[in-house]
Amino acid sequence: MPKTLFEKIWNDHLIAELDDGACLLHVDRVFLHERTGGIALSSMEAEQRQVRNPGHVFCTMDHIIDTFPGRGDATMAPGGRQFITSARQATRRAGITLFDVNDPRQGISHVISAELGVTLPGLTVVCPDSHTCTLGALGALAWGIGSSECEHALTTETLRLVKPKQMAVRLQGGLAAGVTAKDVILHLTGKYSASGGSGCAIEFCGEGTRRLPVEARMTLCNMAVEFSAFTGIIAPDDETLKYISGRPYAPEGGEWDKAVEYWRRLHTDAGAKYDKELHLDLAEIEPTVTWGTSPQHAIGISGMIPDPDKESNKGTRQAMQRAMDYMGLTAGTAINTIPIDAAFIGSCTNSRLSDLRDAARILKGNKITRRIKAICVPGSSRIKREAEQEGIDRIFTEAGFEWRESGCSMCFYAGGEGFAERERIISSTNRNFEGRQGQGARSHLASPATVAASALTGFITDARNMAIQQ
Amino acid sequence: MKPFTTHSGIAAPLLRINIDTDAIIPSREMRRVSKRGLSEGLFAGWRYLYEDDKKLGANPDFILNKPEYAGASILLAGDNFGCGSSREHAVWALAEYGFRAVIAPAFGSIFYNNAVRNGLLPVELSEQSITALAEYSTRAPATNHVNISLENTTVSSNAGDEFHFDIEPLHKEMLLQGLDAIDMTLKHLDEIEEFQNRDKTSRSWAYL
């Protein structure tokens, strides 16, 4: 019987179907961070439970540490130091590899999990962080879990799951110049709502997906959770193998050949059935920005803030009105005229080298508007070094951006740092929720190119126009 | 884990869609390496008034601060409740505050899994049924209790309304008996070992 990519990985990890209807699934890798890793490990110690296979568990520091140059364990996050030291001690006791504050391999969990080859195609990977779905871009079945399930995975190398429904999102055609994977996922969520993929394992497929570079695929899968998906996944291809080859934890020699042979069959067979299919024509998508407080409040850069009165669903209408009040906006305002107070480039969504290059191309030789605050936080210490070797750091700093150490940073108040009340931020991150980037702060999600262009002009700006001016 | 069999209590309507876990408990309210001490931070952004990031005190307009909803133990919410971040702190904060159940048209899937592992019952009902329960509760919050039976998978009002809900058997059992999922899985250790022995040959590259 023809099978989907998801089913192939699922079946190869299925240990047993239990009496209560749960599927007991093998978990190949667990990734931890200092915000929940320490809690999970100390809670296990209290229950006298052991980590079953510490060799398959990794931990990074990203959620609590600050991102200022020359940093140590000190952080402005309330109680922050305790999270850092407790994660450090607990991982040491359990024999888990830790990418500590000043380790050259340190970075945002999902960024380094790919970069180090911890995640490989066909593996099941979990992490107590909802954006673990990022790693589906490599053809892994990767999803976010809570602390209790994390303890379960650490203790048993398994999870009990109900098999999710499957959805295909078929991307057709190619992206117009200046349009990125971030715009695609924002567009998708805007079109089908933040619950459009509710509980589904979503395979991004079609010619448009295959044309995307691997890092762009990570951006696409990263926000599958903003579409309420169980996870996102993309079939591995030559580009994926090229990306993985030579990474520190990737197989080598004969094991590599054996793995490649296995990975070659990780694709959806002709005739395999999904529960649901969506089609997107990439050529129709323009740079996309959010105006409200849910990722579904997304519109094209040439669009206007929508009128809640034209929305027929009561719940949606009330949410739009609330969002408009919170954001200090009125219906009918053109999104590309809204002034900003801050610009942020970073997070597991858009902080990889290709993202920084995209932004640097726009910033090069230009200066940001003086009155705004602009910050760039590379996704990993390695990306930071690579960017510095290319001179990207100087482009950012000469333009007026702060250039930081790696971490989750101001995506969500990590490191205890947030934006001020009513400050309006154009941000390459993934969530524009109320208070996410600071109590009362107003976030507009966009691609790194849109963030860079907006930082230069001081209002939300179509980067394609900047390129023309240059 | 505290079992959930039946519960009857005050139901507070917070009928907004897409209530995310950042709203349920903001990052800045997660101050200790602990599953406890989180109820103060529950819905902090809405529950308190602020000036320049400093808490001024309770926001009297927020539903949980209204005297008639003191002691509420059931939350009525809009679609996609608990979307966003995987932080289990959202569930710990709700449970510590005193909530035993959340009723919404649909939940974020990580939140749902977190809830059933902590004795907090997530109930999926239609928007229409939730609106009816909210109207009923609003008429006299302190006395118009909402009643939930997990055994019968029903939600009812004292006015005679009764709604059926669906829940996966594994979640129902776990909640009814207060079972610990890890203990349940450890009973299958032999099967796990057998699987791994086979798997180490067929997918040797996956083992570090």
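**Chat about a two-chain predicted model**

Me: Which residues is B:Val102 in contact with, leaving aside its neighbours within four places in sequence?
Reply: This is a predicted model, and in it B:Val102 is in contact with B:Leu75, B:Ala77, B:Phe81, B:Leu94, B:Leu120 and B:Pro122.

Me: What about the largest nonpolar core: how many residues does it have, and which ones have the most contacts inside it?
Reply: The core has 212 residues. B:Val102 is one of those with the most contacts inside it, along with A:Val30, A:Ala452, B:Leu76 and B:Ile103. As background, nonpolar side chains in soluble globular proteins tend to be buried together.

Me: And which helix gives the most to this core?
Reply: That's α15 of chain A, residues 448-457, which puts in 6 residues.

Me: OK, on to the interface. How many residues of each chain are in contact?
Reply: On the chain A side there are 63 residues, and they are in contact with 52 residues of chain B.

Me: Which elements of chain A give two or more residues to that side?
Reply: Among the strands you have β1 (14-17), β2 (23-26) and β8 (158-161) of chain A. The helices are α2 (37-46), α3 (80-94), α5 (147-156), α10 (253-263) and α11 (314-327) of chain A.

Me: Where does the largest share come from?
Reply: From α5(A), with 7 residues on the side of chain A that touches chain B.

Me: How do the residues on that side divide into nonpolar, polar and charged?
Reply: For the side of chain A that touches chain B, it's 28 polar, 21 nonpolar and 14 charged.

Me: Switching to domains. How is chain A divided?
Reply: Domain 1 of chain A covers 16-161, domain 2 covers 166-284 and domain 3 covers 288-469. The centres of domain 1 and domain 2 of chain A, taken over C-alpha atoms, are separated by 23 Å.

Me: How many residues does the contact take from domain 1 and domain 2 of chain A?
Reply: Domain 1 of chain A puts in 20 residues and domain 2 of chain A puts in 25. On the domain 1 side, α4 (109-115) and β7 (141-144) of chain A each supply at least two residues, and β7(A) gives the most, with 4. By class, that side of domain 1 of chain A has 11 nonpolar, 8 polar and 1 charged residues.

Me: Now the sheet in chain B. What's the strand order, and is the pairing parallel or antiparallel?
Reply: It's an open sheet of 4 strands in the order β1-β8-β9-β10 of chain B, and the pairing is antiparallel. The edge strands are β1 (6-9) and β10 (162-164) of chain B, each pairing on one side only. From one strand to the next, the twist averages 15 degrees.

Me: Over how many bridges do β1(B) and β8 of chain B pair?
Reply: Over 4 bridges, with β8 of chain B spanning residues 146-149. Within that pairing, B:Gly9 stands opposite B:Val146 in β8(B).

Me: Last topic, backbone angles. What's the phi of A:Ser347?
Reply: A:Ser347 has a positive phi of about 85 degrees, although it isn't a glycine. A:Ser347 is found in the loop between β15 (342-345) and α12 (353-363) of chain A.

Me: Why does A:Ser347 count as buried?
Reply: Because A:Ser347 has 28 C-beta neighbours inside 10 Å, and the cut-off for buried is 20 or more.

Me: And what about B:Asn18: where is it, and is it buried or exposed?
Reply: B:Asn18 is in the loop between β2 (11-14) and α1 (21-24) of chain B. B:Asn18 is buried, with 28 other C-beta atoms within 10 Å. B:Asn18 isn't a glycine either, yet has a positive phi of about 55 degrees.

How values were computed: Residues are numbered from 1 along each chain as its sequence is written. Chains are lettered from A and ligands numbered from 1 in the order in which they are written. This is a predicted model: local features need pLDDT of at least 70, side-chain atom pairs count only at pLDDT 80 or more; totals for chains, interfaces and linings use all residues. Two residues are in contact if their C-beta atoms, placed from the backbone, lie within 7 Å. Ala, Val, Leu, Ile, Met, Phe, Trp, Tyr, Cys and Pro count as nonpolar, Asp, Glu, Lys and Arg as charged, and the others, Gly among them, as polar. Two strands pair if DSSP finds at least two bridges between them. Axes are lines fitted to C-alpha atoms, for helices over the stretch in contact, and angles run from 0 to 180 degrees between N-to-C directions. Domain bounds come from an automatic or database domain assignment. A nonpolar core is a set of buried Ala, Val, Leu, Ile, Met, Phe, Trp, Tyr and Cys residues joined through C-beta atoms within 7 Å. A residue is buried if 20 or more other C-beta atoms lie within 10 Å of its own, exposed if 12 or fewer, and partly exposed in between; C-beta atoms are placed from the backbone.
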